[in-house]
Amino acid sequence: MKKITVEIDDTLNGKRIGYVLEKHLGLSSTLIKRLKRIENAIMLNEKQVTLVDTVNTGDVLAVTIHDRESKNIIPSDIPLDILYEDEDIVIINKPRCMPTHPSRRHTTNTLANAVVHHLNCIGAAFHAITRLDKDTSGVVLVAKNTHAAKLLTDDISSGRIHKEYVAVVNGVPNPKTGTISASIKRAEPSEVRRCVCDDGKEAITNYAVEMVKDGLSMVKLFPVTGRTHQLRVHMNYIGTPIYGDALYSEIQEDGKTRLHCRRITFFHPMSRKKVSFEAPIPEDMIKLM
């Protein structure tokens with residue numbers, strides 16, 4: 001549950017409550033329609049009101065948002081490496097080999113199960129704003145309520161959330177700094193594997209080599225787009241597949257893809273201040289280099 005309180009100033013004087021909710025608070029039309037049907041969800045000066053009522057300077061508008069339940073997510077007591085948390089977001093350093101969402105094969109051992117347990121709320125919604133493959137470690141941004149999730153999702157769509165990855169790859173990219181622009185699609189309709197193909201979806205990755213040792217490179221990766229397996233496909237495409245990636249590399253198949261989301265930079269959904277969080281590089285990646 002999230003409660004938002006707004007003191008009406010001169011810029012909102014005379015506006016309808018529906019306008020304030022949508023334009024000033026940024027609530028989605030779907031959420032606003034749901035709030036209409038909930039008793040005491042929209043209160044003006046401690047009295048229930050409708051969307052067509054107007055506000056005046058000095059009024060206090062209070063909105064209580066209840067998340068819809070996600071009955072498919074079973075709380076699981078799994079330790080979380082929390083980098084930061086407040087009432088609206090939680091930043092987690094996800095370990096390698098943990099799925100983000102439940103599936104038929106993974107019903108209780110995912111990040112979603114762990115977060116729902118952490119929130120201590122059976123049936124709580126899970127709002128993963130950024131997602132990582134099961135075999136990728138690092139920073140994941142999770143919203144703790146519908147309102148924060150909507151604002152952050154809008155930021156993703158407008159390119160205001162940026163991620164930096166680090167990977168250990170076989171070989172040395174040439175040139176050592178550059179941009180990979182290669183469209184991606186499924187290799188086959190029934191396969192998980194992706195491939196570069198002219199009729200795929202646009203995919204762009206910027207990269208820079210940080211270190212070279214014994215035929216391996218540590219590379220910084222900056223995805224401009226967010227296609228499934230984009231970084232893994234792109235690094236394989238330029239001839240430097242990620243170390244240990246059993247799906248895209250035939251060199252090592254130890255089941256440990258050395259790809260890590262090191263940093264995320266975004267605007268906090270409530271304060272709108274620019275913030276950045278970083279997860280340390282896993283020890284096995286450091287030892288390889």
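This is a predicted model: local features need pLDDT of at least 70, side-chain atom pairs count only at pLDDT 80 or more; totals for chains, interfaces and linings use all residues.

**The pocket, up close**

Modeller: Happy to! Residues are numbered from 1 along each chain as its sequence is written, and side-chain values use heavy atoms, with hydrogens and water left out.

Along the principal axes, the C-alpha atoms of the chain fill a box of roughly 70 × 40 × 35 Å. Of the 289 residues, 47% count as buried (under 20% relative accessible area with a 1.4 Å probe and protein chains only; over 50% is exposed, in between is partly exposed). Of the contacts between residues at least 6 apart in sequence, 65% join residues at least 24 apart, a contact being heavy atoms within 4.5 Å.

Now to the part you asked for. The largest pocket has a volume of about 1,500 Å³. A pocket here is an open set of points on a 1 Å grid over the protein atoms alone, where a 1.4 Å probe fits and protein lies on both sides within 12 Å along at least five of seven lines. The volume is the space filled by probe spheres set on those points, which are joined across faces, edges and corners.

Who lines the largest pocket? Its lining has 42 residues, and Arg131, Leu132, Asp133, Arg227 and Thr228 are the ones nearest the centre; a lining residue has an atom within 4 Å of a point. Sorted by class, the lining holds 15 nonpolar, 15 polar and 12 charged residues (Asp, Glu, Lys and Arg are charged; Ala, Val, Leu, Ile, Met, Phe, Trp, Tyr, Cys and Pro are nonpolar; the others, Gly among them, are polar). At least two lining residues come from each of helix H4 (146-157), strand S9 (162-170) and helix H5 (230-237).

Let us stay with H5 for a moment. This helix is mostly covered, with 6 of its 8 residues buried: Gln230, Leu231, Arg232, Val233, His234 and Met235. Just after H5 comes Gly239, with a positive phi of about 90°.

The loop between S9 and strand S10 (177-181) contains Pro175, which is joined to Asn174 by a cis peptide bond with omega of about 5°.

At the start of H3, a side-chain oxygen of Thr110 comes within 3.3 Å of the backbone nitrogen of Ala112. After H3 comes Asn120, with a positive phi near 55°.

Ser76 sits between strand S4 (60-65) and strand S5 (82-85), and it counts as buried because its relative accessibility is 11%. Leaving out residues up to four places away in sequence, Ser76 touches Thr108, Asn113, Ala114 and His117. Its side chain reaches the backbone oxygen of Thr108 at 2.6 Å, a polar contact (N or O atoms within 3.5 Å, one able to donate a hydrogen and the other to accept it; sequence neighbours count only through side-chain atoms on both sides).

Cys97, in the loop between strand S6 (89-94) and H3, has a positive phi near 75° although it is not glycine; it counts as partly exposed because its relative accessibility is 42%. Asn40, in the loop between helix H2 (29-36) and strand S2 (42-44), also has a positive phi, near 65°, and at 40% relative accessibility it counts as partly exposed.

Finally, a hairpin. Strands S15 (259-267) and S16 (274-278) pair in the antiparallel sense over 5 bridges, where pairing takes at least two DSSP bridges. Arg263 stands opposite Glu278 in S16. Between the two strands are 6 residues, and Arg272 in this turn has a positive phi of about 60°.

Terms used. Helices (H or I, at least four residues) and strands (E, at least two) are DSSP runs, numbered from the N terminus.
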